[in-house]
Each structure stands twice: as C-alpha cells, then as structure tokens.
Amino acid sequence: MKRAALETIVGIFVLVGILCLAYLSIKLGKMELIGGDYYEVHADFASVSGLKSGASVEIAGVEVGRVERIVFEPKSGVARVYLRIRAGVELADDVIASVRTRGIIGDKFLQLKPGGSEKIIAAGGRIRETESAIDFEELLSKYIHGQVE
Amino acid sequence: MPNPVEQLGALSLSLLREMGRMVNFLVYALYKIISSPGKPIHILKQLYFIGAKSFFVIFLTASFTGMVLGLQGYYTLTKFGSEGMLGSAVALSLIRELGPVLSALMVTGRAGSAITAEIGIMKITEQIDALRTMALEPFKYLVSPKIVGAVIAVPLLCAIFDVVGIYGGYLVGVKLLGVNPGAYFHEMEKSVEWKDVYSGIIKSISFGVIISWVCCYKGYYAGHGAEGVSRATTSAVVMSSVLVLIWDYFLTSILL
C-alpha cells in the first residue's frame with residue numbers, strides 16, 4: 001500500500017476515534033474545557049440529605065447551574081453547598097434556595113425562587129434564605145402517628 | 001514416576017518462570033519504546049492494522065450490542081414504567097463496561113491472533129535471529145510499534161464502540177419501541193459523569209497494553225514448527241481474553 005493512502009486511512013480512523021472520544025467526554029461527561037463562564041455562590045442548609053454534588057440548580061424549572069460540592073461546617077453545624085451558576089444569571093440577594101425532589105423517588109435538585117431585591121449576589125457570595133430537604137419518611141411517620149396539624 | 005509433590009513444585013516453578021519472563025518482556029519492551037523509538041511509519045502501519053482495519057468489525061458488534069441493550073433494557077425497565085431511563089441504562093453499561101471489554105475482545109480476536117502468528121512465523125523461520133545477526137534490535141521493529149499502536153488504537157476503537165452502541169440503542173429504543181427521544185438523550189446526559197468516561201478510557205488503554213503484550217510475547221517465544229505457531233496463537237488469544245476479563249474486574253474495583 002502506498003504511504004499516502006495508508007496515512008489517509010489512519011488519519012480518518014484517528015479523526016473518527018477522537019470525535020467519538022470528544023462526544024463522550026464533552027457532551028456526556030460534561031468535561032469543561034473553558035471554566036470561565038460560571039461563578040460560585042454558597043448556601044447553608046440545616047439538612048441536604050440526598051442532594052449530591054453535580055445535581056442541577058434550577059430557576060423556574062430551567063437549569064442554570066450545578067451543585068459543585070457539599071461540605072459540613074463544624075462551627076455552625078450546617079451543610080454548606082457550593083453552587084456554580086452560569087455567568088449570565090443574576091441572583092437577587094433575597095433568593096430562596098430549597099432542596100426539592102423530582103417526583104416521589106426522583107433525584108434531589110436545588111430550586112431557586114427569585115426574589116424581588118435590587119441587590120445582586122456577587123461571585124463567592126452567600127444565599128441567605130434556604131429551605132432544607134423535605135424528609136419524606138418523617139412526613140409519612142407524622143401522618144401515620146397522627147401528628148399532622 | 002515422580003511423586004505428586006515434586007510435580008506440583010515443578011509446575012509452580014515453571015509458572016513462576018513464565019510469569020517472570022512475561023514481566024521481563026514487558027519491561028524491556030517499554031524500555032525500548034522510550035530509549036529507541038522507531039520510525040513513525042512502523043507505528044502508522046500498526047495503527048492501520050490494529051485500528052483502521054478493525055473498524056468494521058467494531059462497528060458491527062457495537063451496533064448490535066447497543067441494539068440488544070436497547071431491547072433488553074426496554075423489556076426490564078417497562079416493568080417499572082421507567083422506559084425513559086433507557087438512555088442512561090444503555091450509555092452507562094456501554095461506557096463503563098461493555099465498550100472497553102468487547103472492543104478489547106474483538107481486537108484480540110482480529111488483530112492479536114495475527115500479531116502472534118506474524119511474530120511466531122518470523123521466529124520459526126529464523127528471521128528474528130537474522131535481524132539480530134545484522135545488529136538490528138528485533139524489539140524495535142516487531143514489538144514496540146505494536147504496543148504503541150495498540151495503546152493508541154484500542155481506546156479510539158472503544159470510543160467508537162460506545163458512540164455506535166448508543167446510537168444502536170437509540171435505533172431500537174426510540175425508533176422501534178417508541179421511547180421518547182428527548183428522554184433518551186436527556187437521561188443519558190444527566191446520568192453519565194466524566195468519571196464514567198474516564199474510567200472506560202483508562203480501562204481500554206490498559207487492555208491495549210495487555211493484548212499487545214501477551215500476543216507479542218506468545219509469538220516471540222513460539223515453539224517449533226507450524227504446530228508451535230498454532231499453539232502460540234491459540235494460547236495468546238485465550239490468555240489475553242482471560243487476562244482482559246480478570247484485569248477488568250480488579251481495575252473496576254479500584255476505579256469505582
């Protein structure tokens with residue numbers, strides 16, 4: 001086989017392979033090549049049970065970011081959730097963050113209810129208003145033991 | 001008649017010796033890749049032989065694997081009323097497990113056996129000795145390009161396998177069985193993490209090393225005559241397939 005033909009075929013093969021690899025890692029694996037179009041804010045929750053890092057952050061049902069990481073704050077005894085919000089999305093400083101479940105057994109995600117304040121949370125800032133995860137078992141046991149008001 | 005204890009000892013020693021020789025072979029080959037890299041044309045030829053020529057066999061097996069996953073996944077998931085999860089079931093099983101392993105097994109069957117036969121025949125017709133007589137390093141021409149070629153080609157084939165399989169599952173799940181196409185891709189994108197893709201690629205790189213290593217070794221130490229080559233080819237295919245599956249288990253437990 002001629003060298004040029006060999007090189008062409010190998011070139012096509014490598015190109016197809018790399019395209020597939022890129023599709024897998026960027027589209028499916030959500031690998032970020034450019035990290036500049038996000039900013040980080042954090043929020044403290046009394047309980048985040050079930051929320052995982054990588055969970056989506058939604059406003060009005062539209063994904064605007066992801067949960068970056070969740071750490072325990074020993075001083076105040078709360079869970080601190082770091083969120084990566086897309087750069088174009090501005091959050092008022094009275095926005096309410098709540099941990100919600102998709103359906104009854106679905107994934108946990110973070111819902112942001114937009115506030116009316118004029119002030120905008122800066123990068124690295126904190127969301128003050130939070131609502132913890134609804135504990136479905138607790139609700140159920142309250143219902144069974146008849147303590148629902 | 002030697003006693004059984006003696007036989008056991010002899011068997012263990014010969015196994016140990018074989019393993020030692022194999023490890024030596026790999027270390028020497030890796031050393032040769034770094035110390036005296038051959039011409040790129042040799043690697044290019046191996047990329048063509050191991051990679052490009054395996055494309056159609058990979059395409060065929062991947063599309064049918066994806067299609068059967070779509071069928072089986074639909075059958076199971078429909079019992080729970082969650083056909084929407086079909087995309088993530090197909091994609092995760094392909095990317096994490098089936099893509100790397102099946103593409104490695106196909107490469108073993110198609111290219112690995114040929115590597116062993118090629119080197120084995122060169123061995124029994126004393127071409128390897130001839131190379132050495134001319135002060136040419138046989139590793140540089142025979143072994144190193146094959147290992148480098150396999151390490152590059154196998155992960156690429158695995159990526160092709162994954163993507164083709166995902167679209168095979170799409171074909172059956174969405175076009176034939178009527179799963180919502182948006183749900184198929186959305187669930188898939190939601191559940192596949194970078195870690196899954198990464199561990200699949202690490203797996204298939206290591207499978208590339210295993211296949212080329214075992215197949216070159218078996219050919220290089222083939223016995224005498226045509227029978228020796230045939231035995232070497234058989235044992236190369238069996239051994240690399242078994243090693244791929246065993247190594248897959250341990251690698252998965254490390255990477256998980």
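Two strands pair if DSSP finds at least two bridges between them, and strands themselves are DSSP runs of E with at least two residues, while helices are runs of H or I with at least four, both numbered from the N terminus. Keep that in mind for the first stops.

Before you click, some ground rules. This is a predicted model, where local features need pLDDT of at least 70 and side-chain atom pairs count only at pLDDT 80 or more, though totals for chains, interfaces and linings use all residues. Residues are numbered from 1 along each chain as its sequence is written, chains are lettered from A and ligands numbered from 1 in the order in which they are written, and side-chain values use heavy atoms, with hydrogens and water left out.

**Stop 1: chain A**

Show chain A as a cartoon and you'll find 2 helices and 8 strands. Follow the sequence and the pattern reads α-β-β-β-β-β-β-β-β-α.

Now select strand β6 (residues 108–113) of chain A, which runs parallel to β2(A) and is joined to β2(A) by 3 bridges. Pick A:Val57 and look across: A:Leu110 in β6(A) stands opposite. One of the partners to click here is A:Thr101, whose bridge partner in β6(A) is A:Lys108.

Stay with strand β2 (residues 56–59) and select A:Ser56. Is A:Ser56 buried or exposed? It counts as buried, because its relative accessibility is 9% (buried means under 20% relative accessible area, exposed over 50%, partly exposed in between, with a 1.4 Å probe and protein chains only). Leaving out residues up to four places away in sequence, A:Ser56 touches A:Glu63, A:Gly65, A:Arg66, A:Arg102, A:Phe109 and A:Leu110 (contact means heavy atoms within 4.5 Å).

**Stop 2: where the chains meet**

Bring chain B into view. Here 23 residues of chain A are in contact with 28 residues of chain B. The buried area between them is about 2300 Å², with carbon and sulfur atoms giving 80% (this is the accessible area, 1.4 Å probe, that two parts lose on being put together, summed over both). Highlight A:Phe13, A:Leu24 and A:Leu28: they supply 27% of the area that chain A buries against chain B, more than any other three residues.

How many salt bridges are there between chain A and chain B? The count is 0 (a salt bridge is a side-chain nitrogen of Lys or Arg within 4 Å of a carboxyl oxygen of Asp or Glu).

**Stop 3: salt bridges in chain B**

Over all chains, the whole structure has 18 salt bridges. Select B:Glu18, which forms one with B:Arg21, the closest N and O atoms being 3.3 Å apart. These two are separated by about one helical turn because they are 3 residues apart in helix α1 (residues 4–35) of chain B.

B:Glu18 also has a salt bridge with B:Lys218, at 3.5 Å between the closest N and O atoms. This pair links distant parts of the chain, with B:Lys218 in helix α8 (residues 194–220) and B:Glu18 in helix α1, 200 residues apart. B:Lys218 is buried, with a relative accessible area of 13%.

**Stop 4: a serine in a loop**

Finish at B:Ser54, in the loop between α2 (40–51) and α3 (55–77) of chain B. B:Ser54 counts as buried at 1% relative accessibility. Draw a distance from its C-alpha atom to that of B:Ala111, 57 residues apart along the chain, and the separation is 7.7 Å.
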